[in-house]
Amino acid sequence: MAGEHEVRNREEVRLLNVREAAKFLGTTDKTLYTRIWRREIRFIKIGRSVRFDVRDLEALIDQSRVEAQEM
């Protein structure tokens, strides 16, 4: 039986479809499908449906951040 903490974490997961994830990332559906095909982005496959965990998308944004250089 799952512990209370584990159940709470599952409830916090928010899954987005391709259109919603593309909007969240500020890109197009086509670009997102390309990144899926190239395995450049984490996704969840449920049957024939592709979903994205919001936390994974936020982590992708953080990893893609380029810091400014001091001059």
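Biologist: Is aspartate 29 buried, exposed or partly exposed?
Modeller: This is a predicted model, where local features need pLDDT of at least 70, side-chain atom pairs count only at pLDDT 80 or more, and totals for chains, interfaces and linings use all residues. Residues are numbered from 1 along each chain as its sequence is written, and side-chain values use heavy atoms, with hydrogens and water left out. Buried means under 20% relative accessible area, exposed means over 50%, and partly exposed is in between (1.4 Å probe, protein chains only). At 28% relative accessibility, aspartate 29 is therefore partly exposed.

Biologist: Which residue does aspartate 29 meet in a salt bridge?
Modeller: A salt bridge here is a side-chain nitrogen of Lys or Arg within 4 Å of a carboxyl oxygen of Asp or Glu. For aspartate 29 the N to O distance is 3.9 Å, and the partner is arginine 19.

Biologist: And how far apart in sequence are the parts that this pair ties together?
Modeller: Helices (H or I, at least four residues) and strands (E, at least two) are DSSP runs, numbered from the N terminus. Aspartate 29 sits in helix H3 (residues 29–37) and arginine 19 in helix H2 (residues 18–25), so the parts they tie together are apart by ten residues.

Biologist: Which residues are linked with Arg35 in a network of salt bridges?
Modeller: Start with arginine 35 and glutamate 40, whose closest N and O atoms are 3.4 Å apart. Arginine 35 is partly exposed at 27%, and glutamate 40 is partly exposed at 38%. The network links Arg35 with Arg38 and Glu40.

Biologist: Now helix H4 (residues 54–64): within what arc do its buried residues fall?
Modeller: The buried ones are Val54, Leu57 and Leu60. The arc is taken from the directions from the helix axis to the C-beta atoms. Seen down the axis of H4, these residues line one face of the helix, because they fall within an arc of 120°.

Biologist: What do the buried residues of H4 pack against?
Modeller: We look for contacts, meaning heavy atoms within 4.5 Å. The buried residues of H4 pack against H2, H3, strand S1 (15–16) and strand S3 (49–53).

Biologist: Which residue caps the N-terminal end of H4?
Modeller: Look for a polar contact: a pair of N or O atoms within 3.5 Å, where within protein one must be able to donate a hydrogen and the other to accept it, and residues adjacent in sequence count only if both atoms are side-chain atoms. A side-chain oxygen lies 2.9 Å from the backbone nitrogen of arginine 55. The cap is aspartate 53.

Biologist: Which are the edge strands of the sheet?
Modeller: Two strands pair if DSSP finds at least two bridges between them. The open sheet has three strands in the order S1-S3-S2, with antiparallel pairing. Two strands each pair on one side only, and these edge strands are S1 and strand S2 (44–46).

Biologist: Last one: how many residues make up the largest nonpolar core?
Modeller: A nonpolar core is a set of buried Ala, Val, Leu, Ile, Met, Phe, Trp, Tyr and Cys residues joined through side-chain atoms within 4.5 Å. Members include Leu16, Val18, Leu32, Phe52 and Leu57. H2, H3, S3 and H4 each supply at least two residues.
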